[in-house]
Amino acid sequence: MGFGHCKREPPQAEACATLTASLGNRRTVLIDSSNMHFHFEILKTDPTGARLGRLTTPHGVIDTPAFMPVGTAGTVKGLTQQALTELGVQILLGNTYHLYLRPGHERIRQLGGLHRFMSWPGAILTDSGGFQVFSLADLRKVTDEGVVFRSHLDGSEHFLTPEKSIEIQQALGSDIAMVFDECIEYPADRERAAGAVKRTTEWARRCRDYAFTLRNEGRASTESGRTNPEASTNPGQVMFAIVQGGMHAGLRRESARQLVDLDFPGYAVGGLAVGEPHALSCEMAAIATEELPKDRPRYVMGIGFPEQLADYVRCGVDMMDCVLPTRNARNGCLFTSAGRVNIRNAIYADDPRPLDERCSCMVCRTYSRAYLRHLFHANEILASILNSHHNVAFFLDIMGKIRQAIAFGELAEFSSEFQARIEAGEA
RNA sequence: GGACGGGUGGGUGAGUGGCUAAAACCAGCAGACUGUAAAUCUGCCGCUCCUUGCGGGCUACGGAGGUUCGAAUCCUCCCCCGUCCA
C-alpha cells in the first residue's frame, strides 16, 4: 500500500475486512467491570510498539491510533458538526474550564449534556482544565487544594479543584473525563517537576474518589425514585489519569506507576510539547508508556505536527489531540503532503492548482490556491472554514494511513517516506 | 473676485523649529503557532551603499524662494482642493 494519495476511506469501513486476516493477537478488554459502555480492543501490535485498536464508547467506536480535533468551547472552530462527521471524526475534545465559564456546566446539564447541547453524536473527551493551569499562568494561583483562576472573560475569580473539575465534566457528560492535573512549563527543574507529579497523583486520587461518590449518589437517588438534578448526563463516562514529570525520566516513571496503582481505565501523558525538542518529547512519551498497562488506551495530550504523529504512535500511543490543524488553519498555515503552506504568501496569488494535489478532501477537490489566498486576505469567514476543513482532513488522513501501516507492518517505512517528502519540499 | 479651512510616505491621518525617514491605524511583505485568553502574535515596510551597524549617503511632508546653526513646522509668492460670501 503506497502513500502517494490522500484518499480517505469511510471511518467505519476502514480497517476491518482487509485487516482481520492478519490479526492474530486481538483481544477485548473490559476495563471497568461496572461500565459496559466502554472497552478497548487491541487488534494488532506492531514490532515498533505501535498498536492498532478500537475503543468503544457510549457514543461510538473509535479506530486507534486516533487523532482528536479540539473543540474547546463546544465547537471545533470553523467546522460544523456535520462536516466533522463527513470528515470521519469519531471523537473530539471539549474543555472543562471554558465551558464552565461559558455557557456554564449547569446550563449544559439542564440541556441534556454536551453531546445534545452541541448536537454531536460522536464521542467527546473533556480536558479537565489542567492545561489552563499552564496556559493561563498569569491568571491563576495553584495550591494543593486547587487552582484559583481569574476568568479571562471578565476577570472574576473561580476556584477549580479536582472535585469541581469532575463535577463539571459529569455535567457535561463527556465519554472520557480527564483528571485535573498540574501541567508545568519547560524547562522545569527536578524539584518543580516532582512537586507537580505529587500534586497530580493526589489530585488524580481525589478525582477518582469523587467520581465514585457522585456515581453512588446518583444510583441511590435513582433507586429511591427521586430525580437527581446532579445526575451525570453520561453514566458511561470513564476517567483517564495524566502522567506528568517534566523532562525527568525518573519522575515520568514514578508518576506513571503511582497512577497505575490507582487503576484508571486509561492513561494520558501530559506536559509535553511545551517547548522541548521533539526527540525529548518522544523519549518522555516512551518512558511513560512503558510503565502503563498494555491493555488500556494511552493518550498523549496536545500532540503534534503531522510529521510527528507516527513517532508517538511508535511509542505505543493510541490517541492524540492537537489545536494545530484548526488554529494554524485560521492563521493561514496549511499542512500538505509537501510540507507547510502559508497561504497568505504572494506566490499563491495566481496559482490555479489545488492546495495539495495529493489530497482528495473537499477543499482540494474544489478550490485553487489563488482563491484560498484571496479569501484569507479578504478576511472572509470562508477562509477559516475551508482552511480548517483541509487541515483536519489532512490530520485524519495521516492517522488513517498510520493505521493501515500498522495493519500491514509498514509503519517504519511510512514514517520515513513521509519525512522524506516533507524534507524534499515539493510544494 | 473675496473670506476662511486644508494639501504629510501606497491609503486614512498625527505632528506647529532640533529628540522626525516622520506617531497610530490600514494596506503590503515575511515569520511563528503543539491538552485554544489565538480569524492571534512577531518582524519588515522611501531609495541606496557597505565592514548589516541603535552604520554611511541620497531623496521626502503641493511648488519655488527666504529666515535660521537647524524647517513638515516660521515668512513671501505661486499651484491645487473644500466650505461659505459675491
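A residue is called buried here if 20 or more other C-beta atoms lie within 10 Å of its own, the C-beta atoms being placed from the backbone. With that cut-off in hand, the views below show a predicted model.

View 1. Chain A has 427 residues, of which 50% are buried, and its secondary structure comes to 16 helices and 17 strands. Among its contacts with a separation of 6 or more, 69% link residues 24 or more positions apart. The mean pLDDT of chain A is 90, with 86% of its residues at 70 or more, and the complex receives an ipTM of 0.89 and a pTM of 0.90 from the predictor. Residues 1–30 stay under 50 in pLDDT, although the model has 49 contacts beyond four places in sequence for them. Where pLDDT is low, the predicted coordinates should not be read in detail.

**View 2. Helix H7 and the residue that follows it.** Helix H7 spans residues 162–172 and is mostly covered, since 10 of its 11 residues are buried. Gly-173 comes after H7 and has a positive phi, near 70°.

View 3. Eight strands form an open sheet with parallel pairing, in the order E5-E15-E14-E13-E12-E11-E7-E6. Strand E5 (66–69) and E6 are the edge strands, and because each has a single partner strand, one side of each is left without a neighbour in the sheet. From one strand to the next, the twist averages 25°. Within the sheet, strand E7 (residues 123–127) and strand E11 (residues 176–178) run parallel and are joined by two bridges, with Leu-125 standing opposite Ile-176 in E11.

**View 4. Strand E12, its two partners and its two faces.** E12 pairs with E11 in the parallel sense over three bridges, where Met-178 stands opposite Phe-240 in E12. On the other pairing, E12 and E13 are parallel over four bridges, and Ile-242 has Ala-268 in E13 as its bridge partner. In a regular strand the side chains alternate between the two faces of the sheet. For E12, Val-238, Phe-240 and Ile-242 are buried on one side, while Met-239, Ala-241 and Val-243 are buried on the other, so that both faces are covered.

**View 5. Helix H9 and Arg-252.** Helix H9 (residues 249–261) lies across strand E12 (238–243) and strand E13 (266–269), and runs at about 155° to E12. Arg-252 is placed in helix H9 and counts as buried because it has 28 C-beta neighbours inside 10 Å. Leaving aside residues up to four places away in sequence, Arg-252 touches Val-243, Gly-245, Met-284, Ile-287 and Ala-288. Asp-154, by contrast, is 98 residues from Arg-252 in sequence and 37 Å from it in space, C-alpha to C-alpha.

**View 6. The hairpin of E2 and E3.** Strand E2 (residues 39–45) and strand E3 (residues 51–57) run antiparallel and are joined by six bridges, and Thr-56 in E3 is the bridge partner of His-39. Five residues lie between the strands of this hairpin, in which Gly-49 takes a positive phi near 110°.

**View 7. The surface near RNA strand B.** RNA strand B is surrounded by 48 residues, the closest being Cys-183, Ala-273, Gly-302, Val-323 and Cys-333. Two or more residues of this surface come from each of strand E6 (91–95), helix H6 (130–135), strand E15 (319–322), helix H12 (324–330) and helix H15 (381–407). By class, the surface has 20 nonpolar, 20 polar and eight charged residues.

View 8. Most residues other than glycine have a negative phi, and most peptide bonds are trans. Arg-102 and Pro-103 are joined by a cis peptide bond with omega about 10°, Pro-103 being in the loop between helix H3 (96–101) and helix H4 (105–110). The peptide bond from Tyr-186 to Pro-187 is also cis, with omega near 0°, and Pro-187 is found in the loop between E11 and helix H8 (190–223). Ala-273, not a glycine, has a positive phi of about 55°; it is found in the loop between E13 and helix H10 (278–291) and is buried, with 20 other C-beta atoms within 10 Å. Asn-379 also has a positive phi, of about 60°, in the loop between helix H14 (369–377) and H15, but Asn-379 counts as exposed, with 8 C-beta neighbours inside 10 Å.

Terms used:
Residues numbered from 1 in each chain as written. Chains lettered and ligands numbered in written order. Predicted model: local features only at pLDDT ≥ 70, side-chain atom pairs only at ≥ 80, totals over all residues. Near = placed C-beta within 6 Å. Nonpolar A, V, L, I, M, F, W, Y, C, P; charged D, E, K, R; others polar. Buried ≥ 20, exposed ≤ 12 C-beta atoms within 10 Å, placed from the backbone. Pairing = 2+ DSSP bridges. Axes fitted to C-alpha atoms, helices over the stretch in contact; angles between N-to-C directions. Contact = placed C-beta atoms within 7 Å. pLDDT = per-residue confidence, 0-100.
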